[in-house]
Amino acid sequence: MVGSPYVTSSANMAAEGSSIGSMEEEALKRKERLKALKRKHDETGKEGNKLEESNTEVSINLPRPKFRSYKPQDDSLKENVLPEAKPGNVEAEVGEQLGSANTKVVIEDLDITNLAPRKPDWDLKRDVAKKLERLERRTQKAIAELIRDRLKKGQEDLVTSVNIGANANQNLDVDDD
């Protein structure tokens, strides 16, 4: 049992001995530092009177507190009380605002179409518009091809085929509306 606290081996005793020795050394170093600090403090204690005199000079130059709403009980602090703030002329300001409210504001001509709500499907129509344009072009091309094919076959004369194409266009226009 190497790591057990109850059984001590020679290796554990050697490790503890070195740690105890280093701890004692650190304690001695701390004591020396404390003694050095005490000596410095004693030396500055003699010079401390000079420091206290300079501290009083600094305290005179420190900013004084300003008491706006607090009323101090100490007489020495009552010097720092600020006079009560006087409210502004509220009646004049309210009168000006009431006077400006009485003047009628000229409303510019409003465009009623901008005020009217949009239909619920306006975004769908907007998105589909590009696709419909493409389809319209393709439809026109397909109709033109059909007319050419019929003319080549000679099944009908030119006038009737043009009329059929025009009717197809009108049917498409009616469907779009």
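Me: Why is aspartate 127 called partly exposed?

Reply: Aspartate 127 has a relative accessibility of 45%, and since buried means under 20% relative accessible area, exposed over 50% and partly exposed in between (1.4 Å probe, protein chains only), the value belongs to the middle class. This is a predicted model, in which local features need pLDDT of at least 70 and side-chain atom pairs count only at pLDDT 80 or more, whereas totals for chains, interfaces and linings use all residues. Residues are numbered from 1 along each chain as its sequence is written, and side-chain values use heavy atoms, with hydrogens and water left out.

Me: What makes arginine 126 and aspartate 127 a salt bridge?

Reply: Their closest N and O atoms are 3.2 Å apart, and because the rule asks for a side-chain nitrogen of Lys or Arg within 4 Å of a carboxyl oxygen of Asp or Glu, the pair qualifies. Arginine 126, at 47% relative accessibility, is partly exposed.

Me: How many salt bridges does this rule give?

Reply: The count comes to three. One of them joins lysine 71 to glutamate 84, with the closest N and O atoms 4.0 Å apart; both residues lie in the loop between H1 and H2, so the pair ties together parts that are 13 residues apart in sequence. Another is formed by the side chains of aspartate 75 and lysine 78, at 3.9 Å from N to O.

Me: Which class of exposure does lysine 71 fall into, and how do you know?

Reply: Lysine 71 is exposed, because its relative accessible area is 57%, and glutamate 84 is likewise exposed at 63%. Aspartate 75, at 59%, is exposed, whereas lysine 78, at 44%, is partly exposed.

Me: Is asparagine 80 buried or exposed, and what makes it so?

Reply: Asparagine 80 is buried, because its relative accessibility is 13%. This residue lies in the loop between helix H1 (10-61) and H2, and, leaving aside neighbours within four places in sequence, asparagine 80 is in contact (heavy atoms within 4.5 Å) with Arg64, Pro65, Lys66 and Phe67. Glutamate 79 is placed in the loop between H1 and H2 as well, but glutamate 79 is exposed, with a relative accessible area of 64%.

Me: Why is the pair of phenylalanine 67 and tyrosine 70 given the label it has?

Reply: A search of the whole structure finds one aromatic pair. The ring centres of phenylalanine 67 and tyrosine 70 are 5.5 Å apart and the planes stand at 55°, so the pair is tilted: rings of Phe, Tyr and Trp (its six-membered ring) pair if their centres lie within 6.5 Å, and planes under 30 degrees apart count as stacked, over 60 as edge-to-face and the rest as tilted. Phenylalanine 67 is itself buried, at 13% relative accessible area.

Me: How do you know that the span of helix H2 agrees with its number of residues?

Reply: Helices are DSSP runs (H or I, at least four residues; strands are E, at least two), numbered from the N terminus, and the expected span is 1.5 Å times one less than the number of residues. The 13 residues of H2 (residues 90-102) should therefore span 18 Å, and the end C-alpha atoms are 19 Å apart, which agrees. Of these 13 residues the number buried is zero, so H2 lies largely in the open.

Me: Where in the protein is confidence lowest?

Reply: Confidence is given by pLDDT, the predictor's confidence in each residue, from 0 to 100. The lowest mean, 68, belongs to helix H3 (residues 112-115), and the highest, 88, to helix H4 (residues 122-153).
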